Amino acid sequence: MAMSAVFSRVRPALLLAGLRRLGSVAITLLGLLALTFAIGRVMPVDPVLSIVGPDADRSTYEQVRAQLGLDQPLSEQFTRYLGELAQGDLGKALLSGNPVSEDIARVFPATVELATLAIVIGTALGVPLGVWAAARRGRWADHAVRLISLIGHSTPVFWFAMMGLLVFYAGLGWAGGSGRLDLSYDGLVPSRTGFLLIDAALAGEWAVWGSALKHITLPATILALHAMAYIARMTRSFMLAQLGQEYILTARVKGLSERAVLWNHAFRNCRVQLLTIVALTYGGLLEGAVLVETVFAWPGFGQYLTSSLMLGDMNAVMGSVLLVGLLFIGLNLLSDLLYQVFDPRTRAQSH
């Protein structure tokens with residue numbers, strides 16, 4: 001009876017918390033879409049001219065404008081867009097003539113592949129560097145890590161991208177050039193997942209796989225440098241906060257090794273905070289790889305969004321913004337879930 005009473009109290013609380021979160025997500029997305037829609041309509045780019053060209057006569061211009069619904073009041077345009085969105089219709093892209101959902105499904109895997117490799121490299125380097133710097137606070141190692149973090153976080157990513165191409169591609173020939181593959185391998189591997197490294201491995205085309213790896217390594221490393229700088233800096237801050245606690249002094253008095261103190265005690269208590277940092281950094285890489293994709297002519301989501309903005313293709317822009325918003329919300333929800341998995345205290349608080 002006691003257990004049933006507990007469950008009867010917990011379930012309504014969880015349901016209410018879930019409804020509140022869903023409501024917050026819906027309001028956030030609606031506000032994001034409304035703001036993007038309003039900005040898109042005041043941009044100095046005319047999507048009608050992008051379609052008909054500057055030499056079209058006035059009647060043709062007005063006809064296309066009416067077909068796009070741009071002759072209606074802004075509120076009616078937005079209401080119609082929301083109605084179509086509720087039916088799963090993101091509209092058609094002006095650039096390709098295809099449904100926006102198909103375009104995004106085609107280009108997004110290339111960005112996911114690039115950002116995933118970058119976050120793996122950035123986390124694998126940033127976390128140990130941050131722990132190492134915190135353990136040697138005030139020494140040369142700490143200063144070196146802080147300097148690397150400052151340079152990596154403050155230097156424009158497009159500058160790194162151009163210097164990387166100049167040195168490692170044009171100069172040394174170690175990296176691949178623009179795009180995801182050498183032209184001689186284009187079209188040899190059927191697209192099953194959209195992730196070229198995986199598709200090439202599934203097809204057993206190891207020459208294609210090697211070319212894809214050569215092309216993705218440099219842009220992924222440049223993105224990873226920015227991710228590593230931020231993750232290392234935050235890891236150092238979290239570790240310093242833990243190393244100043246009394247339980248660390250107790251562990252050292254007990255004779256535990258410095259490695260055990262750092263990784264089994266201090267790092268264990270800050271790994272939950274790092275999960276959020278890594279998740280949000282990953283979301284930033286997915287959304288912010290525009291400059292790297294532009295420099296490397298990477299046919300991904302960032303280049304698609306940039307081309308759509310230049311053309312004034314608001315259907316593509318709105319669909320892309322919606323995807324970015326969903327990504328950040330999803331990553332936040334995932335980090336909250338991982339908080340509860342790794343930190344029992346959050347489970348107790350939530351109940």
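Are Phe108 and Phe301 buried or exposed? Both Phe108 and Phe301 are buried (under 20% relative accessible area, with exposed meaning over 50% and partly exposed in between; 1.4 Å probe, protein chains only).

This is a predicted model, where local features need pLDDT of at least 70 and side-chain atom pairs need 80 or more, while totals for chains, interfaces and linings take in all residues. Residues are numbered from 1 along each chain as its sequence is written, and side-chain values use heavy atoms, with hydrogens and water left out.

View 1. Of the 351 residues, 39% count as buried. Take the contacts (heavy atoms within 4.5 Å) with a separation of 6 or more: 71% of them link residues 24 or more positions apart.

**View 2. Phe108 meets Phe301 edge-to-face.** A search of the whole structure turns up 5 aromatic pairs (Phe, Tyr and six-membered Trp rings with centres within 6.5 Å; planes under 30 degrees apart are stacked, over 60 edge-to-face, the rest tilted). Here the ring centres of Phe108 and Phe301 sit 5.5 Å apart with planes at 85 degrees, so the pair is edge-to-face. Phe108 belongs to helix 5 (residues 100-135) and Phe301 to helix 13 (residues 301-311), so the pair ties together parts 193 residues apart in sequence.

**View 3. Trp159 and Phe160 make another edge-to-face pair.** Their rings are 5.6 Å centre to centre, with 65 degrees between the planes. Trp159 is partly exposed, at 40% relative accessibility, whereas Phe160 is buried, at 16%.

**View 4. Met239 sits in the largest nonpolar core.** Such a core is a set of buried Ala, Val, Leu, Ile, Met, Phe, Trp, Tyr and Cys residues joined through side-chain atoms within 4.5 Å. Helix 9 (residues 206-243) supplies the largest share, 15 residues. Leaving aside residues up to four places away in sequence, Met239 touches Val131, Ala134, Leu262, Ala266, Phe267 and Cys270.

**View 5. Leu166 is an exposed residue of helix 7.** Its relative accessibility is 51%, so Leu166 counts as exposed.

Key. Helices (H or I, at least four residues) and strands (E, at least two) are DSSP runs, numbered from the N terminus.
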